[in-house]
Each structure stands twice: as C-alpha cells, then as structure tokens.
Amino acid sequence: MSGPSKTLSYECPKCKTVNVPKGKALTVALTCKSCGVYFCPHSNINDKFSEKRDPAIPIGSRGTFEGKTYEVLGYVLKLEKKHRYKWSEYFLFSPYHGIAFLSEYGGNWNFLTPYANHLWLSDRKALQDPYAMGQAFKLYAKYNAAVLYAQGEFFNDTIAVTEDSKHWEHIAPPYILTFEQSNTVTGSFLGKYISPKDVASAFKMPAGKLPKKDGMGYTEPILGNFTPVALVAVSIVALMAAFVINIVFNNMTTEESVYQNTYTQLELKDSVKMISTPSFELQKTTAVSVQVTAPLDNDWFYAEYSLINEVTGEEQEFSGEISYYRGTDSDGSWSEGSKTTDMFLSSVPAGKYHLDIYPEFSGKNNYFHIAVYRNAAFSGNIWLLAIGLCVFPAIYFTYRHYKEVARWEDSDYSPYETDDD
Amino acid sequence: MSWDNFKGLRWYMVTVLMALSFFAYSQSIGWLWVGSTKTKPPADQVGGARGTHGGYRYLHHK
Amino acid sequence: MQRKLKESVLVLCTNCNAKVFGTIDIPAESHGVPDDYSVVQIGSTGKYRDKKFEIVGRIRMQMKDDFRSFWCATYDDDKNPTLWICQSLESIAFAADTFKPFPPKSDIDLNAGGKVVFGDKIKLYVNFVSAPLSIHYEGEIARFPRPDGRFVFVHAMNNSNSALVICVNNDLNDTEMLWAHTRELADVQFENTRKFNEWPQ
C-alpha cells in the first residue's frame, strides 16, 4: 500500500483558471481548458498558437488497439520545416499500457509505441538502416519540426521536445521506426500503419469524421497484409510441393506395354484398308502412349487411328505422320525428321479397347511397328503449374515496384531514381 | 517470421492448395493439360450413331 | 515497522508518509509521491532472473520533461539484497546491485547521444540526461547517492541492453552509478498491481 497521494492542480498563467490534469503527476504540459494557452507548470513556459485546428478525434476519446484501451490526452499539429508539410499527432495514454501515439498525414495513420530495445546511436548519429523486428528499416525522412497547435495534456514539453530535436523516420512497411534526439533525450518509437477504417473502428466513430485519405501512406501495405518475404516463402514451398507431388506420381506409376506388333502392307484388307488390333485392357483411367516406328529412309509413313472402347462404343480419332530424309550437300551430310512418333492420349477412361489403324504407305516402305503403353509418363503439367504459381508473385512484384516508387516520391532518400535526379 | 506476415496471403494459400490438389488429381488420372495428341470423335458420332468409322461399322470387325 | 532492505536509510509510513526510520533527512514536501497512475505500488511483486522480488519503496524524480521512478525491492539473494528498478513510461531497467563510485579514468559526455567510456573497451550511449526538479519518497528506501537531488541523472545504454544509471555530481570523483539491464516494458509483468476502475484494461 502506498501512502496518501497528492491531487495536483495547475493554475493557468493567463486566465488563472485552475486545471486538474487528467494525467495527474505525469502531465508536465497542458493547454488551459478555458483560454487554450499552452503552459508547463514545472518550468513556467507558456505559449500561444498562430493556427487552430480541432482534432478529428476529440480529446478524451477512448480507442482500443490490439485489445488495449487508450485515451486521447493530447493533440498536436506539427510542421516539417524544410518541405513545409503538416501532420497531426494524437497523444494516447493508458495506466496499464503506457503511452502511444497516433500520427496522421493525408488521411493515412500510424500507431506508435515506445521502443527501447534498439540502440540507435553511433557517434551521435542515427544508424542509416537500423535493424528491428527481424528486418532492416530504410531512412525515409530526416527533419526538424515545429508545433503549430496543441490541445490537451502532454507528459513532456511537446513544443520544446519537438522543436529542439532532430527527427529520423525509418520504414519497413507497414512498420515505422522513429527516432528523435535533443541535447537531453533520445527517444524511439515503433509503429505500424493502421487504416482509417480501423482507426474509426477503434474509437467507435464514423470513418467520415476522419480526414479524407489522400494518396498512398508511406507505410501503407501495398497489397494485403503480408510481407514480400512471406509471399516468396509461400511460393517456394508451393513449388517444392508441386515437384514432390510430381516425383511421387512418377515413381508410383510405371509405364506398361499393353500391346505391340508389327504390321505389313499385305495385311490391309482390300475393301477397308484397315488393320484392327486385338483387344487390350486399361484397368484405370490413365494416359496412353501410342508409339509407331517404321524403317524409313528418305520416306514417309502416315496413319489415322481410332481408339475404340468396346463396351461404350466411344471412339477417339487421331493421326500421326513420320518422315525421315537424309542426304549430303556442300555443308556435308544432313538428315531431318525421325523414324518414330509418339502419340499421347490424355486421361483415357478404364475399359476394354482396340485400335483401328488406317495406314498410308508411300510404296517404298511397307511395314511399321506399333506399341501401346498405359501409365504413360508425362511432364507438361508440372511446368504449367510452376508457371501458374509464379504468375501472382510476378504480378505482385511488378505492381509493388511501381507502388514503391510512388511511396518514396516524397522522400529525400528514395532508393529509386526520379526525374529530379 | 510471425503469422501476421502471412495473414494477407490466406486466399492465395487456399488457391495454391487447390491448384496443387488439382495437379495431384490430374497426375493420378494421366490428364495432360496441354500438348496431348489431338483427338476427336468421328464426325458420324457427333450427335449420331456410335460404332462406325468412315461409313464402316467397326464393332463387327472384332 | 520491520525494515526489509539491508541498506535501508529511510522508512516512511505507508499510511501517512511520516518518517518512521531514517539516517537521512528529507524535506517535508518530499514525503509521499504524487499520484502518477503507476500500476506498480508498494507490495507489488514480480520476478527478475527467476527470483521473486517485492516492492518496498520508491524514489520518484520529477524532471522538466520526464520522470524516473526508482523502485526499491527486496530480492532473494544474499549478495544483492536490494533490487533497483528504474522505470519511466518508455523503458524499464533492473539492477541487482548497489550504487558504486564512478570508476577513475572514465568519462561522460553529458548530452543525449554522447558517450560514457570506461577505459578503451566499454562504451555506452547516453539516452537521457536531466537534473531532477523535485524528489519524492514513499515506503522503505535503500542507500541512494544524493537524497537532496543535487545531481544530474544520466541513463546510458549499449546494444546488449546493458544500462547505466548515473548520478553525476559536479565532481566526477563524487559520482555514483548503477549497472542495470534494460527490458521492454511489455515484457515485464508485475503482480498485486493497482487497478483503476475508471480505466478499462
């Protein structure tokens, strides 16, 4: 048990109104509830503002982020001194979870909490690419800032701390790592992009009351809530799985000959000009390979084939030509074509089949050899699948590149070449 | 790397799993998606009687 | 009232903040700590390096732009009977040690970002430096270098999360320091903490 505590109150140096700080002894700067003047009771500093802007999220609002409820104690409108852009910061507090900030620029939001786990300094300079959360953060902005307007309570002299400090912002979207350094303090915050919808939801307020989103936030995730490394990891695992499946099926099935024979032109019946093979059995739906070989020499062989299911009467017609030519010319000997052909029938249902063959002989060659295989090996699908699996990552990384260029457009430290370079 | 980094990939992962399943099914029935020899039912089987080829009945050949 | 700290120099009543025991004198306005929404309180317990501790007292330093609480805790270790817990809203550091003189041939740059150097090898970077505007006490306090608050408080760190809390006097020979270990606030759990009905957790 602690002893009796003292209730604090601070008199406004301008209008003498007594202000009881919500943050109790933690509050070291506040604006008067009556006249709005900013003052620090411990150091007798007070200030007034040239600009007034009402916060989109009123002081005193409570919002829940990742299950932690914070109250808005203060609001600051800041100005970056070099490029003259303005942004808003909401100072949040919870006795159980400490302090946090919501920053808003162009309708894009980041939620930040103190980050004490990283050593930022090397010879009084922020590290160029600090490493945190298992990833490198890139310097996005380095600036000096001024406070244009403040409202509410603060646990430091927010005007002095802002204006006396150098500020660094590093990003690894959707994360942001900020660092500020004055003569007396170095501070670091780790934040994450939060969508306007989620901000509105956290405070149970209509999204329409928040500033309208204007362009892409500099920590905004590009497409979905995932990291590029995660996409690459998923794609690699998927590709590996595809190749493993392919190997497993190739090892499980062995190509088996179901019929083979050699036929001569003499076997053609005069009227039909057709050869019928004996029946053969396909025990399950399978790929069928029909290999035809002929002893060709500067010759051709052509045939039409009908694969006939003897039970259902289903018939599949296909044809194949082989030709083989050779000779010599001024460049030496040459040859083209082949003495064999392989016809592949995809996914033939189980059943009893025979082949009707309608051959055409050139007159020179008069015989051919035919072999029919079930469980025929094939590899085309794996390559199509591999290409398919790469389509989304390829589109994503192309899209990401263009969005990344856009993200860094406002930064003096863009890793991408711009027209200004 | 935490699950947070993968959350946005849920639907992509579901699609990939479906593609892998379809691939495994195709391999099991010998279905080559592209590149198999062109086949066709005979003209007289399209909407017509089965068991003939070029005007000849083949079933009786067996 | 039974004293729990081996190095106890001050005991204030936990009900009325009156001095019960003391080998040091503090002004009347320093008795008792202003309410600052601290969930940690006298009687809170926790674990540090697998050893249980209990908070018995607190020194609260109010700076111009921040504050620091030095919690005194009894610690189940004969060598280091006092556990110091140096806490702000942005960091927390534990020291199972006593304040020791700043070693000779060492140097401090009293600017944030400046170096604290021990010999050739040990180097830390200052991340907070400020003189207390006021000091308040509650409960039982272990020996503290300058109870009058006439010092500059320095907090320095290195990349292995070692921290150094230094109370710098005008003369470095009269300066004392405490080696500590910094941890993320979210990683530290206390029990028997204060609840605030007006705040949802």
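Predicted model: local features only at pLDDT ≥ 70, side-chain atom pairs only at ≥ 80, totals over all residues.
Local features need pLDDT of at least 70 and side-chain atom pairs count only at pLDDT 80 or more, while totals for chains, interfaces and linings use all residues. Residues are numbered from 1 along each chain as its sequence is written, and chains are lettered from A, with ligands numbered from 1, in the order in which they are written.

Start with chain A. It has four helices and 29 strands. Both kinds of element are DSSP runs, numbered from the N terminus: helices are H or I with at least four residues, strands are E with at least two. The radius of gyration of chain A, taken over C-alpha atoms, is 39 Å.

How much of chain A is buried? The share is 35% of the 421 residues. Buried means that 20 or more other C-beta atoms lie within 10 Å of a residue's own; 12 or fewer means exposed, and anything in between is partly exposed, with C-beta atoms placed from the backbone. Now take contacts, which are pairs of residues whose C-beta atoms, placed from the backbone, lie within 7 Å. In chain A, 63% of the contacts with a separation of 6 or more join residues 24 or more positions apart.

Next, look at two helices of chain A. Two packed helices are described by the angle between their axes and the distance between the axes. Helix α3 (residues 228-252) and α4 of chain A have axes that come within 10 Å and cross at roughly 175°. Axes here are lines fitted to C-alpha atoms, for helices over the stretch in contact, and angles run from 0 to 180 degrees between N-to-C directions. α3(A) and α4(A) are therefore roughly antiparallel to each other. The cut-offs are under 35 degrees for roughly parallel, over 145 for roughly antiparallel, 65 to 115 for roughly perpendicular, and oblique for the rest. Among the residues that meet are Leu231(A), Leu239(A) and Phe243(A) in α3(A), and Leu385(A), Leu389(A) and Tyr396(A) in α4(A). By class, this contact has 13 nonpolar, two polar and one charged residues. Nonpolar covers Ala, Val, Leu, Ile, Met, Phe, Trp, Tyr, Cys and Pro; charged covers Asp, Glu, Lys and Arg; the others, Gly among them, are polar.

Helix α4 (residues 380-407) of chain A also reaches across to chain B. The axes of α4(A) and α1(B) come within 11 Å and cross at roughly 175°. That makes α4(A) roughly antiparallel to α1(B). The residues in this contact include Leu385(A), Leu389(A) and Phe392(A) on one side, with Val16(B), Ala19(B) and Phe23(B) on the other. The contact divides into seven nonpolar, four polar and no charged residues.

Step back to the whole interface. In all, 39 residues of chain B are in contact with 44 residues of chain A. Helix α1 (residues 10-28) gives the most to chain B's side, with 10 residues. That side has 20 nonpolar, 14 polar and five charged residues. Two pairs of chains touch, and the most contacts are between chains A and B.

The contact of chain A with chain C takes 36 residues from chain A and 44 from chain C. On the chain A side, β9 (98-105) and β19 (186-194) each supply at least two residues. That side has 16 nonpolar, 16 polar and four charged residues. Chains B and C do not touch; their nearest C-alpha atoms are 18 Å apart.

Finish with chain C. It has zero helices and 16 strands. Its radius of gyration is 16 Å, close to the 17 Å that the globule rule gives for 201 residues, so chain C is as compact as a globular protein of that length. Of those residues, 46% count as buried. Inside, Ala156(C) is one of the residues that touch the most other members of the largest nonpolar core, which has 57 residues. Such a core is a set of buried Ala, Val, Leu, Ile, Met, Phe, Trp, Tyr and Cys residues joined through C-beta atoms within 7 Å. Gly22(C), in strand β2 (residues 19-22), counts as partly exposed because it has 15 C-beta neighbours inside 10 Å.

Notes:
Rg over C-alpha atoms; globule rule 2.2 N^0.38 Å.
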